[in-house]
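Hi everyone, thanks for making time. I'd like to walk you through one structure today, so please have a look at it on the screen.

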Amino acid sequence: MSDEDFQPRIAILGAGPIGLEAAIYARYLGYSAEVFEREELPAKILHHAEERVLDRPFSERVSTLGVAALQAQDSKWKFPASSASLSAAEYYRSYLLPLAESDLVSDSLRLGMEVVSVSRDTEEAWQIACRSKLGQETEFGADVVIDCRGKGSENFVEEEGQSTESLCFLNPVADYYVLGSKSCVTAEEFLFASGLAQIRELFAILGEREDLDVYATMPPIEWK
Ligand SMILES: Cc1cc2nc3c(=O)[nH]c(=O)nc-3n(C[C@H](O)[C@H](O)[C@H](O)COP(=O)(O)OP(=O)(O)OC[C@H]3O[C@@H](n4cnc5c(N)ncnc54)[C@H](O)[C@@H]3O)c2cc1C
């Protein structure tokens with residue numbers, strides 16, 4: 001295989017909203033991706049938030065790619081009105097869960113797999129060590145790690161002398177990217193749209209392109 005044909009294997013840590021969006025973006029572009037989620041359900045934090053109303057409407061919590069994929073898979077799939085104020089559980093049921101169950105993502109999803117360490121071997125590939133709920137340990141290899149484990153998760157990889165707080169999307173560790181709320185200093189700072197912008201930027205970097213915006217190539221969402 002020539003260098004030009006090389007497609008990195010991608011490991012995505014965490015299946016929250018941003019991990020799922022990163023997964024569908026990767027799979028849409030044809031990358032081999034695996035998503036490791038420690039819980040038995042994707043985005044469990046939102047599933048369990050239940051009736052708490054989210055502060056932003058549905059239209060600001062979805063991507064055009066995600067909506068297009070769900071509509072392509074099931075023409076009867078109904079999404080809430082763009083301005084609908086949703087509870088966390090409604091958002092979970094109407095978007096995040098179908099996304100996780102979509103053809104593009106479901107094959108890649110490893111639920112109940114907690115990532116316990118990430119290190120590089122001598123061949124410069126990442127080794128992702130995971131522990132199942134039953135305590136069984138398994139290792140996976142990857143060329144690129146996308147860390148979407150959310151706020152409060154400890155850092156696996158640090159450059160010497162760098163504080164954990166400064167590990168962010170543009171961190172200097174090669175082939176290790178931190179996205180979503182984990183890349184923000186405070187949870188309040190996190191905006192879903194910024195997470196999508198990070199995904200777009202990251203895949204442009206991986207594809208060695210100035211710009212690569214799959215979201216812009218998707219049909220506009222026709223809100224009812
Ligand atoms: C009750 C509640 C209400 C909220 N309301 C709002 C709101 O109104 N507006 C708003 O913007 N935000 C709100 N949030 C915050 C919102 O949930 C986060 O901003 C959003 O989920 C961040 O997405 P993320 O994908 O970056 O991270 P997360 O959603 O935190 O996802 C991280 C995922 O990584 C998994 N994970 C962590 N460690 C590991 C590991 N070692 N191995 C494998 N998997 C791992 C976690 O289980 C999780 O599924 C609320 C949160 C809660 C709990």
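Let's start with the ligand, which sits in the largest pocket. By pocket I mean, on a 1 Å grid over the protein atoms alone, an open set of points where there is protein on both sides within 12 Å along at least five of seven lines; a molecule sits in one if more than half of its atoms lie within 2 Å of its grid points.

Some housekeeping: this is a predicted model, with local features needing pLDDT of at least 70 and side-chain atom pairs counting only at pLDDT 80 or more, while totals for chains, interfaces and linings use all residues. Residues are numbered from 1 along each chain as its sequence is written, and side-chain values use heavy atoms, leaving out hydrogens and water.

So who is around the ligand? There are 25 residues surrounding it, and the closest are Glu-37, Asp-55, Arg-61, Val-115 and Ser-181; near here means a heavy atom within 4 Å. Arg-61 puts a polar side-chain atom 2.8 Å from a ligand nitrogen. With Val-115, a backbone N or O atom is 2.9 Å from a nitrogen atom of the ligand. Ser-181 has a polar backbone atom 2.8 Å from a ligand oxygen. On its own the ligand has 990 Å² of accessible area, and the protein covers 84% of that (Shrake-Rupley method, 1.4 Å probe).

Helix 1 (17–28), strand 2 (32–37), helix 2 (44–49) and strand 4 each give at least two residues to that shell. Helices here are DSSP runs of H or I, at least four residues, and strands are runs of E, at least two, numbered from the N terminus.

Pairing takes at least two DSSP bridges between two strands. Strand 1 (residues 9–13) pairs with strand 2 over five bridges, and Ile-12 is opposite Val-35.

Strand 5 (residues 126–132) is joined to strand 6 by six bridges, with Trp-126 opposite Ala-142.

Note on methods:
A polar contact is a pair of N or O atoms within 3.5 Å; within protein, one must be able to donate a hydrogen and the other to accept it, and residues adjacent in sequence count only if both atoms are side-chain atoms. On a 1 Å grid over the protein atoms alone, a cavity is a set of points where a 1.4 Å probe fits but cannot get out, and a pocket is an open set with protein on both sides within 12 Å along at least five of seven lines; lining residues have an atom within 4 Å of a point.
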